[in-house]
Amino acid sequence: MKTDISEAKRLDEQDPLSKYREEFYTSSDQIYFDGNSLGLLSTRAEAALHNLLASWKQHGIDGWTEGEHPWFYLSEKLGAMTAPLIGAHAEEVIITGSTTTNLHQLTASFFHPEGKRTKILADELNFPSDIYALQSQLQLKGFDPTDHLVKVQSTDGNTLQTSAIMEAMTEEIALIILPGVLYRSGQILDMETITKAAHQKGIKIGFDLCHSIGAIPHQLSDWEVDFAFWCTYKHLNGGPGSVGGLYVNKKHFSKKPGLAGWFSSDKAKQFDMEQSLSPANNAGAYQIGTPHVLSAAPLLGSLEMISEIGIEAIRGKSLQLTAYLMELVDKELFEYGFTIANPRSDSIRGGHVYLEHAEAARICKALKANGVIPDFRKPNGIRLAPVALYNTYTEVWQMVQLLKSIMKDESYKAYENKRGVIA
């Protein structure tokens, strides 16, 4: 592979998705590689938000049932738009709540300790908020999380072995919660194999898709995953604090939600105002409160764009971008002490590259001072996410050259090797 800019420009010229970059608010003096934390705003998402603001302005309370996107059915409409991204049926998906509130809901609905089965299986590399939620759910049922939250251990601090997960599926496990993609290293777990193993042992299983939805294809219904949950502000570009989502396999539609609420209702009966709940016969039963209409609105535009492109095409370019980045790191930065700590294989690499370096915090600060937005992860990790919808191969090349200059000149030493308030 050529390491000069001509190769990057050639790849950009051949990129069939390059036109979509024009729909995002990018900056000519900034390279944004943090889309796996917060995706950029697109003109379609912006227009969708203004559209629903206009419906409020025009219709007032009648916006719940009138206008282009009636609010009463918005969560279901967005769920149907999301379903193809995770290989689910439309009625199995609902856009609602947040990652953690949806995890609380699903754990309350599917964690039924009985006999020996009183424990939840997670992993030691999971995002902390998932662990917080599971600990609190155990405490609510009178269990000590120290004993009843079992965590699969990592042998290298970055990845998990499928065999280790399966070995942890003992007769004491009542529920399993795992990430689809590990937030640090970007490893894709073998969700199909793990789900099959869990079911063979009579264990319900759910996945956190925050770092996989919109980045990789899934087939949740075919894999018979029991449930899943996610945020929408990363690869789905829904905006800061945008509404989360959840999936429940249709085989569980007869189950009542663990945490019932106003929008758990069958829509035809919701305004009968009965004191006993008649839950919806779809994923909508797992809603709790009123839809956050304005926080969900940008997804109408974002999901429209993703549907137009197709998740397979997005995944194809993402793999090429991260592969190109890794090749440049290998060839241009080999003498500066960087380690590529994410899986290299296409089949288990998510949407970002994860570098480790002893000076990671100050290197990230130096990159940011020079117009590159990376993501630092304590203690020594640098996440770099070239996103298929709006990043270019030229930006990857420019970032590596800048990083090489920062290391060669040791300009990173001007910064403290300590994270900021927000990393």
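**View 1. Lys251 and Asp226 pair in a salt bridge.** The side chains of Lys251 and Asp226 meet at 3.7 Å, N to O. The model shown here and in the other views is predicted. Lys251 sits in the loop between strand 8 and helix 10, and Asp226 in the loop between helix 9 (220-223) and strand 7 (227-230), so the pair ties together parts 25 residues apart in sequence. Lys251 is partly exposed, at 42% relative accessibility. Asp226 is buried, at 1%.

**View 2. Asp15 forms a salt bridge with Lys317.** The N to O distance is 2.6 Å. Asp15 belongs to the loop between helix 1 and strand 1 (31-32), Lys317 to helix 12 (residues 311-332); the bridge therefore ties together parts that are 302 residues apart in sequence. Asp15 is buried, with 7% relative accessibility. Lys317 is buried too, with 5%. The structure holds 17 salt bridges.

**View 3. Glu23, Arg44, Glu304 and Glu308 are linked in a salt-bridge network.** Within it, Arg44 pairs with Glu23, their closest N and O atoms lying 2.7 Å apart. Arg44 is in helix 2 (residues 43-59) and Glu23 in the loop between helix 1 and strand 1, so this pair ties together parts 21 residues apart in sequence. Arg44 and Glu23 are both buried.

**View 4. Helix 1 meets helix 14.** The axes of helix 1 (residues 5-13) and helix 14 (residues 393-409) come within 7 Å and cross at roughly 155°. Helix 1 is therefore roughly antiparallel to helix 14. Helix 1 makes the contact through Ile5, Ala8, Lys9, Leu11 and Asp12. Helix 14 contributes Tyr393, Thr394 and Trp397.

**View 5. Met273 and Glu410 have positive phi.** Neither residue is a glycine. Phi of Met273 is near 60°. Met273 is in the loop between strand 8 and helix 10. Met273 is exposed, at 51% relative accessibility. Glu410 has a phi of about 60° and lies in the segment after helix 14. Glu410 is partly exposed, at 40% relative accessible area.

**View 6. A cis peptide bond joins Lys378 and Pro379.** Omega is about 5°. Pro379 is found in the loop between strand 12 (375-377) and strand 13 (381-384).

**View 7. Leu53, Trp56 and Leu294 form a nonpolar surface patch.** Together these residues have about 290 Å² of accessible area. Leu294 lies in helix 10 (residues 293-296). Leu294 is partly exposed, with a relative accessible area of 34%.

Note on methods:
Residues are numbered from 1 along each chain as its sequence is written. This is a predicted model: local features need pLDDT of at least 70, side-chain atom pairs count only at pLDDT 80 or more; totals for chains, interfaces and linings use all residues. Side-chain values use heavy atoms; hydrogens and water are left out. Patches are made of residues with over 30% relative accessible area and no salt bridge: like charges are joined within 9 Å, nonpolar side chains (Val, Leu, Ile, Met, Phe, Trp, Tyr) within 5 Å. Accessible areas come from the Shrake-Rupley method with a 1.4 Å probe; for residues, only the protein chains shown count as cover. A salt bridge is a side-chain nitrogen of Lys or Arg within 4 Å of a carboxyl oxygen of Asp or Glu. Helices (H or I, at least four residues) and strands (E, at least two) are DSSP runs, numbered from the N terminus. Buried means under 20% relative accessible area, exposed over 50%, partly exposed in between (1.4 Å probe, protein chains only). Axes are lines fitted to C-alpha atoms, for helices over the stretch in contact, and angles run from 0 to 180 degrees between N-to-C directions. Angles under 35 degrees count as roughly parallel, over 145 as roughly antiparallel, 65 to 115 as roughly perpendicular and the rest as oblique. Contact means heavy atoms within 4.5 Å.
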